[in-house]
Amino acid sequence: MLEACGLTCSKRDRTLFEGLSLVINAGELLYLRGPNGAGKTSLLRILTGLSEPELGTVLYNGIDISKDKSGYYQALFYLGHKSGTNGSLSALDNLSFWLAQHKVSVDVNALYDVLEKVGLVGLEDVPVRYLSAGQQRRVALSRLWLKPAKVWILDEPFTALDVKGIHMLELSMKDHVAKGGLIVTTSHQPLSESAGKHRVFDLEYRF
Amino acid sequence: MSLYHGIFKRDMQIAFKQKAELVQPLMFLLMVVTLFPLGVSPSPDTLQRIGPGVIWIAAILSSLMAMERLFRDDFQDGSLEQYILSGMALPAVSAVKVAAHWLVSFVPLLLLSPLLAMFLNLTVDMYVALVLTLLLGTPLLSLIGAIAVGLTVGLQKGGVLLALLLIPVFIPLLIFATSAVDSAALQLPYHAQLAIIAAMLLLATALAPFAIAYSLKVSQN
Amino acid sequence: MWKWLHPYAKTERAYQLCLTLQPWFWAGALLCLSIGTVWGLAFAPQDYQQGDSFRIIYIHVPSAILSMGTYVAMAIAALVGMVWQWRTAYMSMIAMAPIGAVMTFIALFTGAAWGKPMWGAWWVWDARLTSELILLFLYMGVIALYGAFEDKQQAGKAAGVMALVGVVNIPIIHYSVEWWNTLHQGATISKFDNPSIAPEMLWPLLINLLGFAFFIGAVTTVRLRNEIVLREMHRPWVQTLAEQQLANSQQKRAASQKSMKEGN
């Protein structure tokens, strides 16, 4: 269970949200909606602990995430606007480094299975820089199936993906929620049927 | 431990795939040093007088150019976010990255130093002192520079600002390092200067990783 | 300490505190500066070597001392902001920065003006002048870094780190520059090396030092109030404050118009 208690955040001296409270239960998909500049990304980054709110706390299973960082990070997968892959390294190098970094041990076969799933077999040795935007996004997304994380926080996960990719991701989201996972996501196009049941949360643009 | 070793290996791997970025600051250093005989005087005595200062100033300027590489790519492609979210100790990660950066950007400078010493007519004693000051002083440049890089990495136009922030902070190092080489030229002992530089290096090694980690967190906000 | 200070972390309380302190600071500055300056310039005895030109110390020395003092105060504010996450601490740090930079500039300018009759040159690479110059660079770095960020909260934190790096460096810089100076210009006699200063010269100096401190305090409170209002423009308490002030000034105008009419 992820809980936000009385979050206040301001950027450039404009208050994005004030006293925002939110509970996301296990087995729930929260779809965060709002116009550009409403603070969706800021909220997600606060939920991951990357930025600190001006006021308020984020609790994971009742524990303040700033108190128990490593415990929370073990259970968290975050995909931001930036893919987190180095352009001069290959997909394989990037992924194996990321897995080591996040203390996930995956054998090579499983790694190749996931690469096949996202359609990158044959491209795994190419520096990521030379891949297309959609393929780069797929490299970043493939971590989703490698790290057994309970909490997925996905910021615009569908950007640059083709129809097949979007469908695949939505199915995984549905599957994850069915298994008792927890997802917070933003997206500019509405989620389709295949993403399953979800709760919508609207962030208003404030002046 | 192997985690940090992994970071080190990755940084080295990336550095050797971006060789041009490593070589350019060195070429800049060489060219700046070449300007002095042309602009001041080619007379061996004058060059010997100004030599240590010229090499150190050129080293500081070229290090400012190489410094930005330290966190720029990791910030822009989001690797830094993933470092933070991996739950690793950010000060330790920063220290490892600084060490890797020092190896790839300053060790080549040390290799280039005999050439610079010849260009500026330094004696053997002076050269030995120069190498010692570079060995102790350049890690200090990397450590302190990394704090400012951490602060400016999120800004689009960080380049000149980085120099503005760092040059005043590097002044003591410049003074002690050149004074050590000057002492060597006069056959005087220069342990004191080396000891002071070493003390500054130890202080920076103890404190800078935390400051770098804090700066990187500030840039994430 | 914590309980007493904590309310001032709130911007509104800090604003009120500035309002209360400000008149006292101005009064102190006016009083001390007029006494100290008149005493120093007109009544203190002449220096037996330098004649009247020594009297520039009544500006030079306080500004030099307080240029360092302001930097240290900035670093303390930055540390407080970092440890307790007070926004007002960063705001007061940045409110002080330009004032400290101006103090440094005054110290440099008066030092140069003093150097002309003493050394026959406007600028000599004297140890203290050089340290002051580097201090000016440090101030400019902090101000430039603060200006480079669009999000001023982030800017405050970043500038705070730089202020702390600078404050660790100030003693090292000072020491290194002295070292360098003795190596290269051992022959120059530092103008500050007077063994002792006569009490009738010292008193006005101390009074002026206090006056400068009050002055810096006064300008800081003005700048801090400005900063708070600018940053919190959208908060309700600033808006009610603005409305109150508007109503007050309208009332005053109405009253003065009324009295003018009655006078006619």
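User: How much area do chain B and chain A bury between them, and what percentage of it is on carbon and sulfur atoms?

Analyst: Chain B and chain A bury about 2,300 Å² between them, with 51% of it on carbon and sulfur atoms. Buried area is the accessible area (1.4 Å probe) that two parts lose on being put together, summed over both. Please keep in mind that this is a predicted model, where local features need pLDDT of at least 70, side-chain atom pairs count only at pLDDT 80 or more, and totals for chains, interfaces and linings use all residues. Residues are numbered from 1 along each chain as its sequence is written, chains are lettered from A and ligands numbered from 1 in the order in which they are written, and side-chain values use heavy atoms, leaving out hydrogens and water.

User: Good to know. How many salt bridges are there between chain B and chain A?

Analyst: The count is one salt bridge, meaning a side-chain nitrogen of Lys or Arg within 4 Å of a carboxyl oxygen of Asp or Glu. A:Arg45 pairs with B:Glu81, and their closest N and O atoms are 2.8 Å apart.

User: Which helix of chain B gives the most to the side that touches chain A?

Analyst: That is α1(B), with seven residues; helices here are DSSP runs (H or I, at least four residues), numbered from the N terminus. On the side of chain B that touches chain A, eight residues are nonpolar, eleven polar and six charged. Here Ala, Val, Leu, Ile, Met, Phe, Trp, Tyr, Cys and Pro count as nonpolar, Asp, Glu, Lys and Arg as charged, and the others, Gly among them, as polar.

User: Switching to chain C and chain B: what do they bury between them?

Analyst: About 2,200 Å², and 82% of it is on carbon and sulfur atoms. The count of salt bridges between chain C and chain B is zero.

User: Where on chain C does the largest share of that side come from?

Analyst: From α6(C), which supplies 16 residues of the side of chain C that touches chain B. That side divides into 21 nonpolar residues, four polar and one charged.

User: Last topic: which parts of chain B are annotated as transmembrane region?

Analyst: An unreviewed UniProt entry gives that annotation to residues 21-41, 53-71, 127-153, 160-181 and 193-216 of chain B, though such annotations may be inferred rather than shown by experiment. In the model, residues 21-41 of chain B are 90% helix and 0% strand, with the end C-alpha atoms 31 Å apart. Residues 127-153 of chain B are 96% helix and 0% strand, and their end C-alpha atoms lie 35 Å apart.

Methods:
Helix = DSSP H or I, 4+ residues; strand = E, 2+ residues; numbered from the N terminus.
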